[in-house]
Amino acid sequence: MTNSSGAPIGTVTADANQPTQDAHCLTRKVTFVFYCAPRDDNNLNPMYTAVYGHDATHLGVTDSASYLNGLPFVVVDADARKVIYPYVSTHGQTAKFLAPVTSSGLHDGLRNVHTLPPINIPNDVTRIALHIANDAFELHRSFQLFPWTVPDVAHIKVHIYEIRADLQDKFSTENSLGSTPAENEIVAKPGATNEYFGYLNGDLWLKLSHEFTNDEITRLCPPETLSRPTLGSSAPSGSAPPQSATAGGTIPQGADQNGVTPQNVAQSVAAPQSVAIDWATTLQPIYSAGVDSRSMDAFSVQISQLGITLKFAARAVANAINTSANTTVQQALQRTSPRAFAAILKAAWRLNINTVDLSSSWRPMLGSRLHKMGVGLDVTEIVDSAESLDFKIHNHSHAERKAPFPTSAGGQKLARLYQELRGDNEVDAPYVYTPWLNWVEPHDTHMHITVKYE
Ligand SMILES: [Zn+2]
């Protein structure tokens, strides 16, 4: 082991009884510090304001600052492609980012700062790299983030600044960091001993985030047959009289845990309607949308097989587009799990919802790990034309947070959608948030759906 001047400060002798991995003389430690992107709306980011003034067109990090709690990661020997952290990584186990502290020391607003534990670098390792988010899972691990030759010093600190691509140069100047490092490079930090830094911008997020291929759609969402009660034989509208649940067993008194009140659980008892679905085909219109486009205009995707229109709001992909120089609408959509789209389509179809409005899918630099990993989808409005029902998913006061769903026909339709989603095995039920049941900050204006990862 050496101290910072390079002089030996001790030796370790391997004992014949020690396991091989303990025989390494652990001479180097590396500590990564991640500084998450600050918000740039509401004049919270002086660098954004200096470049764009009050022009909101270029806003990228809005509503909720980026943070990485729970995001999986591993550190690998970049040449041997073997995991060196976590130290015990049987069955592909990953480490996770822990809670951040906040800091406003970088002249661009308040950042969440995650410090990883000091990582011992085995003597036989020359270069290391990270895999983060979906790319940390053993099945993927295709993009080495910040491959870098570890200097021969005892303890090195590496600062990773998450930053919009268009503000990198200004950030470098304002923070006396010299010239902006090349993409995916770690360079020495000017004026600091044994400290290095690199930039995690939207283009790098694009490369490290998993793109779902057709084969994977089939693996994650195998073909299946959906069924639903046939329309028209009963329950023509939300004002239909209560029915007994002939097909569905007993119904408890009052709203159940999904917020469905009994009088609205009316089910048809006619023969069910069914449809065979090959998700790789059914989802194609979504994954084919937005080719080579960086437009933030609203757009719609028709899922003709199910008679459902998905309406993506204007700026639904703004975080992906505005934090990068290259990301296209299609690339953002391709990083959203097919399970997320399948879950909402399946539930909507079963409830005869024919239009679903979405405000966000994959986004690299806003809020929690869920959208960064492509397992989150935000729903803002549902329409059932047959019932002339159009419901905006929006509470009207803080008093409605955690309260039962509205008793209106629309509110009860949402209650049933929530119930359908939570009953879907591919959905991570505790992480379905609404402005009413299971509310958590900041879900006042949409329902957030989370699906399972791998
Ligand atoms: Zn969300």
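Q: What does the protein average in pLDDT, and what share of the residues score at least 70?
A: The protein averages a pLDDT of 89, and 86% of the residues score at least 70; pLDDT is the predictor's confidence in each residue, from 0 to 100. This is a predicted model, in which local features need pLDDT of at least 70 and side-chain atom pairs count only at pLDDT 80 or more, while totals for chains, interfaces and linings use all residues. Residues are numbered from 1 along each chain as its sequence is written.

Q: Where does pLDDT stay under 50?
A: Where pLDDT is low, the predicted coordinates should not be read in detail. Here pLDDT stays under 50 over residues 1-24, for which the model has 23 contacts beyond four places in sequence, two residues being in contact if their C-beta atoms, placed from the backbone, lie within 7 Å. Over residues 233-253 the pLDDT is also below 50, and this stretch has 30 contacts in the model beyond near neighbours in sequence.

Q: How many helices and strands does the protein have?
A: Helices (H or I, at least four residues) and strands (E, at least two) are DSSP runs, numbered from the N terminus, and the protein has 11 helices and 20 strands.

Q: At what angle do helix α9 and helix α11 pack?
A: Two packed helices are described by the angle between their axes and the distance between the axes. The axes are lines fitted to C-alpha atoms, for helices over the stretch in contact, and angles run from 0 to 180 degrees between N-to-C directions. Helix α9 (residues 338-350) and helix α11 (residues 409-422) pack at about 130 degrees, with their axes 9 Å apart. The helices α9 and α11 are therefore oblique to each other, given that angles under 35 degrees count as roughly parallel, over 145 as roughly antiparallel, 65 to 115 as roughly perpendicular and the rest as oblique.

Q: Which residues make the contact of α9 and α11?
A: Ala343, Ala347 and Arg350 of α9 make the contact with Leu417, Glu420 and Leu421 of α11.

Q: Is Ser300 buried or exposed?
A: A residue is buried if 20 or more other C-beta atoms lie within 10 Å of its own, exposed if 12 or fewer, and partly exposed in between, with C-beta atoms placed from the backbone. Ser300, in strand β15 (residues 299-303), counts as exposed because it has 12 C-beta neighbours inside 10 Å. Leaving aside neighbours within four places in sequence, Ser300 is in contact with Thr309, Leu310 and Lys311.
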